[in-house]
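Trainee: Could we go through this structure together, one question at a time?

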Amino acid sequence: MFLKDGLARGEYLKLVCDQNGLKGAYPFDNEIEPGLSKKDAAARINEMNKEMILNSDALLVNLNLFRGAEPDSGTVFEFAMAYALGKPVWVYFDDGEATSLREIIPHDEQGFDEKGFMVEDFEHPRNLMLACNWTGKSRTAEEAARDLAQYLKDEEKRQVANLLEIRALRGGL
């Protein structure tokens, strides 16, 4: 969204979702009333983005590094909100085959970065609070849309099978 071509990127991502049977939503889909102060506009954007998450079935999240060694903090908030609401969160990032933050973030022999902070080594390419809670991950947005769509189809089949099993146990079939 913060790219120079953010609007075009959003339209492209929604097209990728559509091609995979998903309905994509992008923050730029929201319209801000003209004339708001910057703080009021920020509050309105915040509310509309949270509403989008509340109305979604799942989230497809870009966890590429943003302005440093971590993903965008607003995106991380959205990830956490969706997770707290029990929604599947599928992530993508293009770090290649990195399996640990230590492969991404420069550190000394003891594992500390240039500012003296420990770079965690739990064999996850992102902070453990993200990595231990995402539903799945892919390398690109295109792969992620495909993989999330397949996950949702498989999950729907599991739910139907569970419902049929419950009915059978109750003697309903």
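Predicted model: local features only at pLDDT ≥ 70, side-chain atom pairs only at ≥ 80, totals over all residues.

Mentor: Residues are numbered from 1 along each chain as its sequence is written, and side-chain values use heavy atoms, with hydrogens and water left out.

Trainee: How many aromatic pairs are there?

Mentor: Rings of Phe, Tyr and Trp (its six-membered ring) pair if their centres lie within 6.5 Å; planes under 30 degrees apart count as stacked, over 60 as edge-to-face and the rest as tilted. By this rule the count is 2.

Trainee: How do the planes of Trp-90 and Tyr-151 stand: stacked, edge-to-face or tilted?

Mentor: Helices (H or I, at least four residues) and strands (E, at least two) are DSSP runs, numbered from the N terminus. The ring centres of Trp-90 and Tyr-151 are 6.0 Å apart and the planes meet at 50°, so this pair is tilted. The partners are 61 residues apart and link distant parts of the chain, with Trp-90 in strand β2 (residues 89–92) and Tyr-151 in helix α5 (residues 141–169). Again, the class of the pair is tilted.

Trainee: Is Trp-90 buried or exposed?

Mentor: Buried means under 20% relative accessible area, exposed over 50%, and partly exposed in between (1.4 Å probe, protein chains only). Tyr-151, at 23%, counts as partly exposed. Trp-90 has a relative accessible area of 10%, so Trp-90 is buried.

Trainee: Which residue has its charged end over the ring of Phe-93?

Mentor: Phe-93 is in a tilted aromatic pair with Trp-134, 5.7 Å centre to centre with 50° between the planes. Phe-93 is buried at 4% relative accessibility, and Trp-134 is buried at 12%. A charge sits over a ring if NZ of Lys or CZ of Arg is within 6 Å of the ring centre and within 35 degrees of the ring normal. Here the charged end lies 4.1 Å from the ring centre, and the residue is Arg-126.

Trainee: Why do the buried residues of α2 line one face of the helix?

Mentor: The buried residues of α2 are Ala-41, Met-48, Asn-49 and Ile-53. Taking the arc as that of the directions from the helix axis to the C-beta atoms, they line one face because they fall within an arc of 145°.

Trainee: Against which elements do the buried residues of α2 pack?

Mentor: Contact means heavy atoms within 4.5 Å. The buried residues of α2 pack against β1 (59–62) and α3 (73–84).

Trainee: Which residues are exposed on the other side of α3?

Mentor: In α3, Thr-75, Phe-79, Met-81 and Ala-82 are buried. They cover an arc of only 165° around the axis, which puts them on the same side of α3. What covers them includes α2, β1, β2 and α4. On the other side, the exposed residues are Ser-73 and Ala-84.

Trainee: What is the phi of Glu-123?

Mentor: Most residues other than glycine have a negative phi. Glu-123 lies in the loop between β2 and α4 and is exposed, with a relative accessible area of 65%. Its phi is positive, near 60°.

Trainee: And what is the phi of Arg-67?

Mentor: Arg-67 is in the loop between β1 and α3 and is exposed at a relative accessible area of 71%. Its phi is also a positive value in a residue other than glycine, near 50°.
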